[in-house]
Each structure stands twice: as structure tokens, then as C-alpha cells.
Amino acid sequence: MSRFAINLHEAVYSLSDALDLVGVTHIHHGKRVAYIAAEIGRCLDWPQARMDTLFQAAILHDSGVSKTQVHSRLAQLEWEYEAEHCQRGAELVKASPLLSPLSDCILYHHTHWTELQTLPLDDEKKLIANCIYLADRVDVQCLTRRGEEPNILLIKDHVREQVAHARGDWYEPGLADAFMAVSSSEAFWFALENEHVSGYVHTWMRSAQTVEIEFAELRSLVHVFSCIVDAKSTFTREHSDGVANLARHIGHLFGLPERTCDMLELAGLLHDLGKLRVPDELLDKPSKLDPLEYAAVQRHSFDTYNILKHIHGFEDIALWAGQHHERVNGTGYPYHLTSTQLTREARIVAVADVFQALAQNRPYRGALAPEEIARILQEEVKRGKLDAEVVQMVLDNLSSCWEASLAYSSLASPL
């Protein structure tokens, strides 16, 4: 397996853009929470190592939320089953060695301070988790009241009163006091309103050096986000895994270098990141999408590219993932690229995506047999949609491609 030179702060921050899309219109919640939490930590003069953990855990605190209907409940101060998304997020990040230190902080980011004190958790993680909770509730209250009062300065006193009231119960007293100190200025609130958090974040990203990591470690990080995407609908569960596995397999069939096959796998895992912005009901709709609904779905590959392009070292991966709905005759989206503008790797991901989707159940049809998938792929070549060379390679190796596409699915079975 190959090694990749990556700035981990940059990668985590950029991939967290996908989490922000779940809100559809109320985006950047994770980044605002990270900013508020970091301001509190800085006021308390927390050491850099703790600040790094705080910031990463804060921007990933809602990694257990994939569905827009669940995201809408986050605007409530407390709600039934809110612990489920905490548990889901903690399990996801724990599966990645690079993110596992954040697991407990995410697990307890909705736990009151009075309860946290009774848990067998080290003091630092208790403080980080509670700091994120405080920051999260502040942003939620701002979002809730902005519908009634568009001027954020007319909201701040109410929010500050709520924090002061919950001091010692919901929030650790020192954290509450630090919030009261940093939120006393108008600048603190303007930064939230105008998303000036980006400047703060860029400083944090530059503080981390680019390091070389093994493909397996990078894949474990990327897989966290592909799992978040695939959890959005029961019909897309394991889709990204299947596309990634099949894209890699096709790359091997073509005899591509191992590093290229690694990159194809990463592109497959990440190709649907932008779907987190698509409302749940559209992905689960059992009938044809109307023009407005289809337009909402069409932007997902554009969002995917715009998330990934900011990660240095992911330039080709971003292109291949973002172009998975392009077609060789220029009728695809979102860029209408033609055969001369699409690399073989991008065409491989496109074919892998179509194949795997056809091999899975969808709300409007059942999973198709390999022979039926082969027929559809041939039709797509005749229509000038899919690359003839890639499709022929798949047809010549139909059995192994079928197995690769469903390696993570209970539907997998020999031809």
C-alpha cells in the first residue's frame, strides 16, 4: 500500500464541510460550534494539545447525524433520543485510529455537567465534551431565535442569560464564566453572523505540518465520512464501500499502478459526499423525481468536488469523485465534460457507480441480476453515456465485478 502526504487538520476540516451540508439551509453549525468552543478554551489558556482535540471534536461533534430530519431536531435544547446521534458519532470516529481520541468527547457532547462528573472519564475529556455542549447550545439558541429577530445583537443577552442560568448544572462553572467573558463583545457575535470563523480556522490548519501516512490510516479516516453518507438512506447503505471496492477492482483489471488503485478506492468512498445536502425524502422517494427535486439532487457531485478540492494531495481524487455523473458524450452533470476531458480513472468511477447502484435495492425497484446490469451498461455505451473500454472490461469480468460491488452487502452471491 502507498503512503500519502496529508495535513490532517486540513483534511478533517475540509471533510467536515460535508457534515455542514446536512442542515440543507442551516449550514456551518459545526464550524460555529468549533469557533465558540475554541474561544472559550483560549480564554482559559488551554494548552495547544487540548485545543487541537477540542477543535477537531467540535467540528465533528455531529458526525452521527446523516438525515435531514434528525438534523432538524438539533435545534431543540433537549429532545428524545438525542443520545443516539452521540453514540453513532462516537462509534464512527472510534473506528479510525486518527480520530479515535475524539470518541469520548463526541459521545458525551450532550451530557449535563452534573452527570458528567459521575462518569469514569478523565477530567480533560469531561471539560472538552462539556465545552462543546455549551458551544452547541449557544449556536442552536441563536439559530432558533434568528427566525424571530434577525439582528444577532438583540439575541445575545437572552443567550447569555440562558448560559448563566445553567451554570453549574448543564455547564461546568469555569466554562460558563469563560463564555460570559468572551461573549461580552459585539465582535464575538458578528464573527458568528458573518462566518468570520474561516480566518480562525485557517490559522489552526497551518499549525499542523504535512505528514506521510499509510493508505490504511487514510482510508480509515475517509471511511468515517463515507459511512455518514451511506447512513442517510437504507437504500444507499454500503453504496460507497461497493463503488470504492469495484473501482479499485477495475483499476487492477486494467493493470493500473497500486497508488492509482488506492486513489480510485478513496474517490469511490467519497464520491457521494455532497448527497448529505439532499433532503432524505428525495433519496427515499419511490417514484420519479419532479424537475425541482431532480435539480436538488444534481448539485451533489458539485458539492463533492468543492469539499475535496481544498485538501492538498487530493486533487485527482476530487476530480474523479466530482465527475462521477459526467458522461462521455457531454450529457452528464454538473460540468458537461466530454470524452476528451475525462480521464480513464474518472470513467472507471462513473461505471462503478452505475453498476453498484443497479446491484442494490432502490425505493423504486429491486436489485438487478448481473445479466440485467450487463445489458443496461451496454445500452449506456450505445447511447454514448459510459466509456466503452471500461464497460467492456467489466463485461469480460462480470462475475468478479459483481462480487466486488457487493463485497460489503448481504446481497452478494455467486453468479
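Q: What does buried mean here?
A: Buried means under 20% relative accessible area, exposed means over 50%, and partly exposed lies in between (1.4 Å probe, protein chains only). Strands are DSSP runs of E, at least two residues, and helices are runs of H or I, at least four, numbered from the N terminus. Now the case: strand β1, residues 3–6, has F4 and I6 on its covered face. R3 and A5 form the uncovered one.

Q: What kind of model is this, and how are residues numbered?
A: This is a predicted model, where local features need pLDDT of at least 70, side-chain atom pairs count only at pLDDT 80 or more, and totals for chains, interfaces and linings use all residues. Residues are numbered from 1 along each chain as its sequence is written, and side-chain values use heavy atoms, without hydrogens and water.

Q: Where does pLDDT stay under 50?
A: pLDDT is the predictor's confidence in each residue, from 0 to 100. The protein averages 87, and 89% of the residues score at least 70. Residues 410–415 are the stretch that stays under 50. Where pLDDT is low, the predicted coordinates should not be read in detail.

Q: Which strand joins β1, and how does it run?
A: Two strands pair if DSSP finds at least two bridges between them. Here β1 has four bridges to β2, residues 211–214. The two run antiparallel. A5 stands opposite E212 in β2. Overall, the protein has two strands and 23 helices.

Q: Which residues touch the most other members of the largest nonpolar core?
A: A nonpolar core is a set of buried Ala, Val, Leu, Ile, Met, Phe, Trp, Tyr and Cys residues joined through side-chain atoms within 4.5 Å. The largest one has 124 residues, and F179 and L308 touch the most other members. Contact means heavy atoms within 4.5 Å. Beyond four places in sequence, the contacts of L308 include L15, L270, F314 and I317.

Q: Is S103 buried or exposed?
A: S103 counts as buried because its relative accessibility is 6%. S103 lies in helix α6, residues 103–107. Leaving out residues up to four places away in sequence, S103 touches A90, V93 and K94. Across the protein, buried residues make up 57% of the 415 residues.
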